Amino acid sequence: MPVVVQERFESRESTEGDSPSVDLQFWIGGTDDDLAAKAALLSAAPVWYDGLIRQSANIKPVGPGLWDGAVRYGPRKKPETGESTFQFDTGGGQQKITQSLQTVQKKAPPGKTPPDFKGAIGVTHDSVEGVEITIPVYNFSETHYVATADVTGAYKAALFALTGKVNNAAFRGFSAGEVLFLGASGSKRGEEDWEISFKFAASPNATNLTVGDITGINKKGWEYLWVRYADDEDANAKVLIKKPIAAYVEKVYEDGDFSGLGIGG
C-alpha cells in the first residue's frame, strides 16, 4: 500500500516579527513504520517556503497506519565564525584552437583529392584561422567566515599575492597545475568576523596529446599550447598545405602555495 501525504486544512499557521516562522501541517497514511512516515513527509514538504527554510519535521501516531506531521520553516541561520559555504558551475571557458582532435571526413569533387592538413582547422593560403570552442573549466567559489584576529594586513597581502597563481600542490582534489586562484573579496560582519569569498577556476592537466604528426605532448591545465605551421606539399592532392612542424607548451601563470589562503587543502 503506498504511503500518502496530504496537507491539512488548518495548515500554514505563521508568526511575524524578528523571527518569523510558518508551520505546515500534514496527515500521513498507509504505513505503521515511523521512519517510512517521516521520509514520506520530508519528500512531500518543500525545503523552502515563502523565503523561509525548513528547520524541523515531526510526526505523531494518531491511529493504525495514520500519522500527524508538522514541518516548521524559519529564517536561514546566520553562519558562525569558522563555517563555510560552497558554490560551483561547470559552464566552461572559451579558447581558440587551430588543431582538431580528429578529421572525421574529407571530401573533394570527382577526380580530385582533398588535401591532408593534419588536423589544422580553417587553412587558407597564408594562415590557419582556427575556431573558438568551449573547453572544460570548473568554476567554484567558497565563502568562509574568518575570525577578525586572523584577517591581518599580512593575510590580506597574502591573498593579493596569490591572485592569478596556479596551485603548486594538490588542492581540493585537483592535481598541481589545475587550479587558478581568481581572487578574494571580503566584508566585516560586526566586530566578530569577516565574510570572505574565494574564487577559483580548474582546468584539467593533459598528457600524450597529438598535433598532426607530433605526439607525446604534455601540458598542465593552465599552460598554453600553440602550434607552428609551415608550407608543405600534399603529393596526393598536388597542392600546397599548412603543416604543423612544432608544438610549444608555454607557462603563463606563476605557481603559488595555496596554504597561504588559510582555508586548508
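Colleague: Which residues touch the most other members in the largest nonpolar core?

Modeller: They are Phe171, Phe198, Phe200, Phe258 and Leu261, in a core of 17 residues. The model is predicted, so local features need pLDDT of at least 70 and side-chain atom pairs count only at pLDDT 80 or more, while totals for chains, interfaces and linings use all residues. Residues are numbered from 1 along each chain as its sequence is written, and side-chain values use heavy atoms, with hydrogens and water left out.

Colleague: What makes a set of residues a nonpolar core?

Modeller: The members are buried Ala, Val, Leu, Ile, Met, Phe, Trp, Tyr or Cys residues joined through side-chain atoms within 4.5 Å. Buried means under 20% relative accessible area, exposed over 50%, and partly exposed in between (1.4 Å probe, protein chains only).

Colleague: Why is β10 called largely enclosed?

Modeller: Seven of its ten residues are buried, so β10 is largely enclosed by the rest of the structure.

Colleague: What makes β10 and β13 a pair of strands?

Modeller: Pairing requires DSSP to find at least two bridges between two strands. Ten bridges join β10 to β13, and these strands run antiparallel; the two therefore count as paired. Ser141 has Lys199 of β13 as its bridge partner. Strand β7 (residues 84–89) is also antiparallel to β10, with six bridges, and Ser84 stands opposite His144 in β10.

Colleague: How do you know on which side of α2 Tyr155, Leu159 and Leu162 lie?

Modeller: These three residues of α2 are buried. They cover an arc of only 75° around the axis, which puts them on the same side of α2; the arc is that of the directions from the helix axis to the C-beta atoms. Gly153, Ala154 and Phe160, on the other side of α2, are exposed.

Colleague: What is the radius of gyration of the protein chain, and what would a compact globule of 265 residues have?

Modeller: The protein chain has 30 Å, whereas such a globule would have a value near 18 Å. The radius is taken over C-alpha atoms, and the globule rule is 2.2 Å times the number of residues to the power 0.38. The C-alpha atoms fill a box of roughly 90 × 60 × 30 Å along the principal axes.

Methods: Helix = DSSP H or I, 4+ residues; strand = E, 2+ residues; numbered from the N terminus.
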